[in-house]
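Morning, everyone. I'll take you through one structure. Have a look at it first, then I'll talk.

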Amino acid sequence: NHAPAMWAAMHNSGTAVPGLTTQSVGDLFSYFYATRFFEPLGDAGRGKEVFQNRRCATCHNLTGPKIGPPLAEWKEVSDPAAWIRQMWNHSGAMYAKTLEKKIPWPNLTGQELSDLLVYLRSLPQTRSAEARFTVSDPEIGKTLFDSKGCTNCHVVKGSAPGKISIPIAGKPADSLSTVAAAMWNHAPMMNARTKGDLPRFEGQEMNHVLGYLFWAGFFEDAGDPAAGQRV
């Protein structure tokens, strides 16, 4: 849709239209998609509001003990995937407390998750944590997704009776944090269904699973020949 305006601008500036091969177009789309893997820019001020509005402060103090561990002990805030792993593994105990105290589950968007992490990393007790980035392996993630029992309820890039499709039609992942937030929001249903016996993730396992779920959205959905004929 952009091509006519682009060709006119290139013609007016005397710029030659570059040739593209099938491979180069595929490489370009891979690059464009990969840039969404990284987190949206977070804001510490918004993150503090998320921490307060989602009532995280009900169970967590900055330093001293409360119902849950203090923020000063949250050592994984410099690694988003590791943080989600810790939160997921912790969700059973948290789910029980939210029911006990009649507190709504703190659902998050990908942007709110990024804001919250920036806020947590800005605190004096955690800002010295070294930021880390670990490359995920979608193939390992695919194997883990099956071995952790996720395929009992989910099907990736397809459909099956009684199973939830990932990614959800019309809702592609904006970034890795969007995938992570979706997993977090899904935790209450999982805890209720498994009675708190969620599959645990260790080491880099969550990183690989998140990578697998993110990259699953890269490939196109199947087309409809009849719809194509109408177009």
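One definition to begin: buried means under 20% relative accessible area, exposed means over 50%, and partly exposed is in between, with a 1.4 Å probe and protein chains only. Now the ground rules. This is a predicted model, where local features need pLDDT of at least 70, side-chain atom pairs count only at pLDDT 80 or more, and totals for chains, interfaces and linings use all residues. Residues are numbered from 1 along each chain as its sequence is written, and side-chain values use heavy atoms, with hydrogens and water left out.

Salt bridges next. The term means a side-chain nitrogen of Lys or Arg within 4 Å of a carboxyl oxygen of Asp or Glu. The whole structure has 5 of them. I'll show some.

Start with Glu 202. Its partner is Arg 200, and the closest N and O atoms are 3.5 Å apart. Glu 202 is partly exposed, at 45% relative accessible area. Arg 200 also counts as partly exposed, at 47%.

Next, Asp 115 and Arg 46. Their side chains meet in a salt bridge at 2.8 Å, N to O. This pair links distant parts of the chain: Asp 115 sits in helix α5 (residues 110-122), Arg 46 in helix α3 (residues 44-53), and they are 69 residues apart. Helices here are DSSP runs (H or I, at least four residues), strands are E runs of at least two, and both are numbered from the N terminus. Is Asp 115 buried or exposed? Buried, with a relative accessible area of 3%. Arg 46 is partly exposed, at 38%.

Then Glu 205 and Lys 148. Their side chains form a salt bridge at 3.0 Å, N to O. Glu 205 is in helix α8 and Lys 148 is in the loop between α6 (138-147) and β1 (154-156), so the pair ties together parts 57 residues apart in sequence. Glu 205 is partly exposed, with a relative accessible area of 22%. Lys 148 is at 22% too, and counts as partly exposed.

On to the cavities. A cavity is a set of points, on a 1 Å grid over the protein atoms alone, where a 1.4 Å probe fits but cannot get out; lining residues have an atom within 4 Å of a point. Volume is the space filled by probe spheres set on the points. How many cavities of 30 Å³ or more does the search find? It finds 2. Helices α4 (80-101) and α8 (205-216) each supply at least two lining residues. α4 gives the most, with 3.

Now the surface. Leu 20, Val 25, Leu 28, Phe 29, Tyr 31 and Phe 32 form a nonpolar patch, with about 620 Å² of accessible area together. Patch residues have over 30% relative accessible area and no salt bridge; nonpolar side chains (Val, Leu, Ile, Met, Phe, Trp, Tyr) are joined within 5 Å, like charges within 9 Å. Areas are Shrake-Rupley with a 1.4 Å probe, and for residues only the protein chains shown count as cover. Look at Tyr 31 in helix α2 (residues 22-34). Tyr 31 is exposed, at 54%.

Last one: Leu 62. Leu 62 lies in the loop between α3 and α4. Leu 62 is partly exposed, at 36%. Leu 62 and Gln 125 are 63 residues apart in sequence, yet 8.3 Å apart in space, C-alpha to C-alpha.

Methods: 1 Å grid on protein atoms, 1.4 Å probe; cavity = no way out; pocket = protein on both sides within 12 Å on 5 of 7 lines; lining within 4 Å.
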